[in-house]
Amino acid sequence: MLEQKIIIFVSFGYMGLLFAIAFWGDKRAEAGKSIISNPYIYALSLAVYCTAWTFYGSVGAASTSGATGFLNIYLGPTLMMILGWPILRKIICISKINRITSIADFIASRYGKSATIAGAVTIIAVLGIVPYMSVQIKAISTSFQLISQYPNVYMVQTATTLSGTKDTAFFVAILLALFAVVFGTRHLEATERHEGLVAAIAFESIVKLVAILSVGVFITYGLYSGFGDLFAQAGRVPHIRQLFVMEVNAATFTGWYNALFLAMMAIFLLPRQFQVIVVENVDENHLKKAVWLFPMYLLAINIFVIPIAFGGMMYFFEQCSSDPVCKQTLPQAFDGILEFANGRVDADYFALTLLMAKQQQGLALFAFLGGMSAATGMVIVETIALSTMVCNDLVMPVLFRLPFLKLEQQSDLSRLLLIIRRISILVIVLLGYLYFHYVVEYYSLVSIGMISFAAVAQFSPAVIGGIFWKGATRRGALFGLLAGFFTWMYTLVLPSLAQAGFLSRDLLTYGPLGVELLNPSHLFGLDVHRLGLNQYTHAVFWSMAVNIGLFIGVSLFSRQNAMERRQATLFVDVFTSSVKSEKSSFWRATASVVDLRTLLERFLGKTRTADALALYAREHHINWEKEFIADAGLVSHVEKLLAGAIGSASALVMVRSVVEEEPLGMDEIMHILDETQQMIIYSRELEKATKDLEAANVRLKELDRLKNEFISTVTHELRTPLTSIRSLAEIVHTTPGLDTQKQHVFVGIIIKESERLTRLINNVLDFQKIESGQIQWQMTRLDFKEVIEDALFSTGQLIKEKLIDLTFDISTLPGIVSGDKDRLIQVMVNLISNAVKFCHAENGRITVGMQVKTKKTGGNGNEKGGVTVFVKDNGIGIDKGDQEIIFREFRQVISGSKGRPLGTGIGLTISKHIIDAHKGRIWVDSELDKGATFFFELPLLE
């Protein structure tokens, strides 16, 4: 028998331990030795996402719907952490730069630091989270009621029917509020970070994980012989066997993906999740490990959900078979509740009641602590986040506008801020209690949680659109938020109130005032049954449709003010504009350092103000005794410090109250415009230089590839004649009796291959000399006919062997030029050799020609004379696209039928360099399969 005083003592002892951890964490942080500055603590703190919904509700959902009832709620955050981490990283970076304190502060700051938007987001968040808060109150009060009657597992009265001193839910709510006050509002933080709280939440995450794993291990391996045995026995129970099969239909599909979407949004848009992921983040790099540590945690905490659900169902169904009331009332499809003669059993609490039924007193108490841990962690962090929003974005803006309060005359407002936050925590928790008391009994834990998930999903267009779309405006965000919120209220909250009896049920049957088209359960005639939509999918569809539609539509047809444009740039371009925004400002005003110090002291206190300004002075090398007028940088810093305490919208108002802004004169405006124009010009030049560098880099990579191909080709070309020379030389050397005729043939081949090798080596050496500019030109006066004759003599044998028909078209006029005879012969040899190589195999024809154009003077002009030489073949030809590149280094035209041609690919490059050095030009005229004609022209010497 577990006495109630033992349960209370253990519960308070556990909460005392959490407080000790939080106190120690704060002390270590004040000493500069943070205990949460590591990715593992950060990842564990994210597990505040796993509330009583996870510990109890998932088991209940698995009992009625199988894996589809709970799995997507954890797949959503997993996908968001793995695939959406760039969004989370950007939000964290923006928040650190702007000292964002909450989700309301983030959205308001993006849209021009709008107090209206901040207030709207706060109201949506508070009203949206109230149902979720009631889930935790229900879980703690119900589990306390159950464990207090150990070993009896049957509930005669639900927690909502208790009153007076027996109303455990009320006392739970009060205690939760007090714990939240103690944990989160002991003093005012300039950054709204609570290191001690994060340490306590990380510890809670370990406790609830170990607790649920202990329950799962006991049921799976204590009551059964492992997973196989448990599932085999479960398969023999009809009510469980039907859970093994997932019915694929429209309802399953839409419900699954709707829950997946809501969970993906909830992981960073729920106020408590934004608090731990963004506000409490110590180091952006911690996110890199959290993206896989947190999904692993979710996997671990859900691994035994189905075994616990099936174990509970098998045990209590067996009890049901011998109970006349239960046997008679058991529905065909299990709905999560079993009515016995002695009371009821709720599947949500199988993790506790099954242990109690099996007389596991110690493990049952541990499971109760695990569930309490999950619920209290959520309530504490959620209420702290919401109280910050209520104080900064609802209450303080109103109080500042009430002149009779004379807040501007008070020297210290930090105490007032703490009082407002403490009262806010109490009010929020009591709202959760009221919702629990009057509405919750009609819904399961999971169903209530989905209402809150749908509420915070309304923030997604303003947040995600705001960090990627500069055109999103304040009006667009405000209209979208309000329309989505009211649609959520109308399609989801009103039906729940009608179900609870606060509104007429005719609303759900006939619609308001009998207008069926406005029926909140199938708005505008949307047939939810035919389309397979449940009430949550229906509500999310309409609320997100009007939210996104108005957000985009109003933004497109409304204009931003200067502050909106500035904030849009800072948010969207956070990774490029954050540094520039600190160093440049169009703000021009006069502000006293003393006034700014006094302003900070009113909200942060003298000690924290002194520490903050001392740090700023060290970083910027400022002596406050000599500085009396603040610059733009100091004003911006003071505004951010205030934003950490009272939110960005209120901080902007307070800073403006002590700053005297001065209008910019025309000269100053023109100066700003000139600077802007210069920056634009510089930006364009930098962009052009960047493109040039990119092009050069591409060119270098291509040259590197061609160089490698050239080396491979040269190696092959060198190896071929060397192999031939060596083989023939060995035959001559090792065969003394070889007849004279064969010796003569072999020696001739050796000489020929040696000449080929010499030409190849000379080509490579010439190319290197030309490229390095070290070649020596031996210029003399010569008749180009002599060059052609010498080149034909050198290639005559090659032409003869290939049986090529050679013709000439040589001018009778002398072609006198100034040139290096050997180099010009090299050009002719290269062109003739190429013609021989690519000539038609059977009836090759080559024409070598020279035309002389004499100099003309007088008349209508003055034409210079020139010598034009050409080599024409009837080979495969060259495509138009390749006629320029063949003169570049290492380039060869690869034929589809013949592959890569013989040679190194530098002959034409060398020829072009030689002709260029002689102040001439070289080109080719060709078509595929119609041969090619290479021309070059040299100046005629007078």
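Guide: Helices (H or I, at least four residues) and strands (E, at least two) are DSSP runs, numbered from the N terminus. Residues are numbered from 1 along each chain as its sequence is written. The model is predicted: local features need pLDDT of at least 70, side-chain atom pairs count only at pLDDT 80 or more, totals for chains, interfaces and linings use all residues, and side-chain values use heavy atoms, with hydrogens and water left out.

Visitor: How many helices and strands does the protein chain have?

Guide: The protein chain has 36 helices and 11 strands.

Visitor: Where is Ile36, and is Ile36 buried or exposed?

Guide: Ile36 lies in the loop between helix 1 (4-30) and helix 2. Now the term: buried means under 20% relative accessible area, exposed over 50%, partly exposed in between (1.4 Å probe, protein chains only). Ile36 has 4% relative accessibility, so Ile36 counts as buried. Ile36 and Asn281 are 245 residues apart in sequence, yet their C-alpha atoms are 9.2 Å apart in space.

Visitor: What share of the protein chain counts as buried?

Guide: Of its 942 residues, 52% count as buried. Next, contacts: contact means heavy atoms within 4.5 Å. Take contacts in the protein chain between residues at least 6 apart in sequence: 80% join residues at least 24 apart.

Visitor: How do I read two packed helices?

Guide: Two packed helices are described by the angle between their axes and the distance between the axes. Axes are lines fitted to C-alpha atoms, for helices over the stretch in contact, and angles run from 0 to 180 degrees between N-to-C directions. Start with helix 2 (residues 39-46) and helix 13 (residues 271-279). Their axes come within 9 Å and cross at roughly 170 degrees. That makes helix 2 roughly antiparallel to helix 13 (angles under 35 degrees count as roughly parallel, over 145 as roughly antiparallel, 65 to 115 as roughly perpendicular and the rest as oblique).

Visitor: Which residues of helix 2 and helix 13 meet?

Guide: Tyr42, Ser45 and Leu46 of helix 2 meet Gln273, Val276 and Ile277 of helix 13. By class, this contact has four nonpolar, two polar and no charged residues. Ala, Val, Leu, Ile, Met, Phe, Trp, Tyr, Cys and Pro count as nonpolar, Asp, Glu, Lys and Arg as charged, and the others, Gly among them, as polar.

Visitor: At what angle do helix 3 and helix 15 cross?

Guide: Helix 3 (residues 52-65) and helix 15 (residues 305-321) cross at roughly 65 degrees, with axes that come within 8 Å. Helix 3 brings Ser58, Val59, Ala62 and Ser63 to the contact, and helix 15 brings Val305, Ile306, Ile308, Ala309, Phe310 and Met313. By class, that gives eight nonpolar, two polar and no charged residues.

Visitor: How many residues of helix 17 are buried?

Guide: Eight of the eight residues in helix 17 (residues 350-357) are buried. The cover includes helix 3, helix 7 (115-148), helix 9 (195-223), helix 15, strand 2 (343-346) and helix 18 (361-400). Just after helix 17, Gln359 takes a positive phi of about 60 degrees.

Visitor: Which cysteines does a disulfide join?

Guide: A disulfide is a pair of cysteine sulfur atoms within 2.5 Å. Searching the whole structure finds one. The disulfide joins Cys320 to Cys326, S to S 2.0 Å. Both Cys320 and Cys326 are buried. The link is left-handed, with -105 degrees about the S-S bond.
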